[in-house]
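Thank you all for coming. I would like to take a few minutes to walk through one chain, and I will ask you to keep the sequence and the structure in view while I talk.

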Amino acid sequence: YGNLENLLPRFCLVHTLSHALMRQLSFDCGYNLASIREKLFVFEDNAGILLYTAQGDSEGSLGGLVRQGEIDASAQLITKAIERLVWCSNDPICSEMPDNGLEGLNKSACHACAIVPETSCTHLNSFLDRGLVVNSGQDVNGFEGFFNRLFVGE
């Protein structure tokens with residue numbers, strides 16, 4: 001990863017959101033999670049996520065995956081993916097651990113909420129924190145998740 005000082009919090013936010021979207025696509029489309037891949041584009045002023053499948057068999061036929069990318073379906077996909085990050089079945093342990101994962105590079109992320117198969121993640125399941133995306137407002141650092149105003153306290 002080279003120079004960690006240049007790692008933007010935006011990268012952790014986008015990476016965690018990417019994993020949430022992959023997990024939601026797996027639920028909605030029936031794709032095996034290990035067959036979905038990510039490519040992240042994160043810069044200081046903008047960011048993007050490309051999710052794709054590289055399978056050559058029937059698993060990679062793209063039928064349901066393409067449909068989820070259409071405008072009317074994508075908003076619902078994103079909403080459901082973020083809602084799933086509000087709570088983890090391993091809370092409060094998952095959300096309160098000071099560091100998780102490889103070399104302690106994750107905060108609030110575990111196999112129940114944000115980690116995907118190794119073949120799906122281009123960044124070794126590191127730099128993940130669902131608290132940056134959305135949190136319950138009880139975070140010890142006192143910050144609000146990026147999407148909190150949309151999902152917490154409705």
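**Salt bridges, strands and a few buried side chains**

Let me begin with Asp91, which counts as partly exposed at 23% relative accessibility. Please bear in mind throughout that this is a predicted model. The side chain of Asp91 meets the side chain of Arg130 in a salt bridge, with 2.4 Å from N to O. This pair links distant parts of the chain, since Arg130 lies in helix α5 and Asp91 in the loop between α3 and α4, 39 residues apart. Arg130, for its part, is buried, with a relative accessible area of 3%.

Staying with Arg130, I would point you to Ser95, which touches both Ser108 and Arg130 when residues up to four places away in sequence are not counted. Ser95 lies in helix α4, residues 93-96, and is partly exposed, with a relative accessible area of 35%. A polar atom of the Ser95 side chain lies 3.3 Å from the backbone oxygen of Pro92. Ser95 and Ser108 are 13 residues apart along the chain, and their C-alpha atoms are separated by 4.5 Å.

Now let me step back to the whole chain. How many helices and strands does the secondary structure of the chain come to? There are six helices and two strands, and from the N terminus on the elements run α-β-β-α-α-α-α-α. Of the 154 residues, 41% count as buried. The accessible surface comes to about 8,900 Å², and 54% of that belongs to carbon and sulfur atoms. If we take contacts between residues at least 6 apart in sequence, 54% of them join residues at least 24 apart.

The structure holds three salt bridges, and I have shown you the one between Arg130 and Asp91. Another is formed by the side chains of Lys80 and Asp28, at 3.1 Å from N to O. Lys80 lies in helix α3, residues 71-85, and Asp28 in helix α1, so this pair ties together parts that are 52 residues apart in sequence. Lys80 counts as partly exposed at 27% relative accessibility, and Asp28 counts as partly exposed at 31%. There is also a salt bridge between the side chains of Glu144 and Arg149, at 3.2 Å from N to O. Here Glu144 counts as partly exposed, at 44% relative accessibility, whereas Arg149 counts as exposed, at 74%.

The C-alpha atoms of Gln24 and Thr79 are separated by 9.8 Å, although the two residues are 55 residues apart along the chain.

His19 also lies in helix α1. Is His19 buried or exposed? At 0% relative accessibility, His19 counts as buried. Its contacts, leaving aside neighbours within four places in sequence, are with Glu38, Ala114, Ile115, Val116, Cys121, Asn125 and Leu128.

Strand β1, residues 36-42, and strand β2, residues 47-53, run antiparallel and are joined by seven bridges. A hairpin of four residues connects β1 to β2, and Arg37 stands opposite Tyr52 in β2. In general, side chains in a regular strand alternate between the two faces of the sheet. Tyr52 also belongs, with Phe41, Phe43 and Leu50, to a nonpolar patch on the surface, and together these residues have about 370 Å² of accessible area.

I will finish with Asn135, whose place is in the loop between α5, residues 130-133, and α6, residues 148-151. At 8% relative accessibility, Asn135 counts as buried. A polar atom of the Asn135 side chain lies 3.3 Å from the backbone oxygen of Gly131.

Note on methods: Residues are numbered from 1 along each chain as its sequence is written. This is a predicted model: local features need pLDDT of at least 70, side-chain atom pairs count only at pLDDT 80 or more; totals for chains, interfaces and linings use all residues. Side-chain values use heavy atoms; hydrogens and water are left out. Two strands pair if DSSP finds at least two bridges between them. Buried means under 20% relative accessible area, exposed over 50%, partly exposed in between (1.4 Å probe, protein chains only). A polar contact is a pair of N or O atoms within 3.5 Å; within protein, one must be able to donate a hydrogen and the other to accept it, and residues adjacent in sequence count only if both atoms are side-chain atoms. Contact means heavy atoms within 4.5 Å. Accessible areas come from the Shrake-Rupley method with a 1.4 Å probe; for residues, only the protein chains shown count as cover. Patches are made of residues with over 30% relative accessible area and no salt bridge: like charges are joined within 9 Å, nonpolar side chains (Val, Leu, Ile, Met, Phe, Trp, Tyr) within 5 Å. A salt bridge is a side-chain nitrogen of Lys or Arg within 4 Å of a carboxyl oxygen of Asp or Glu.
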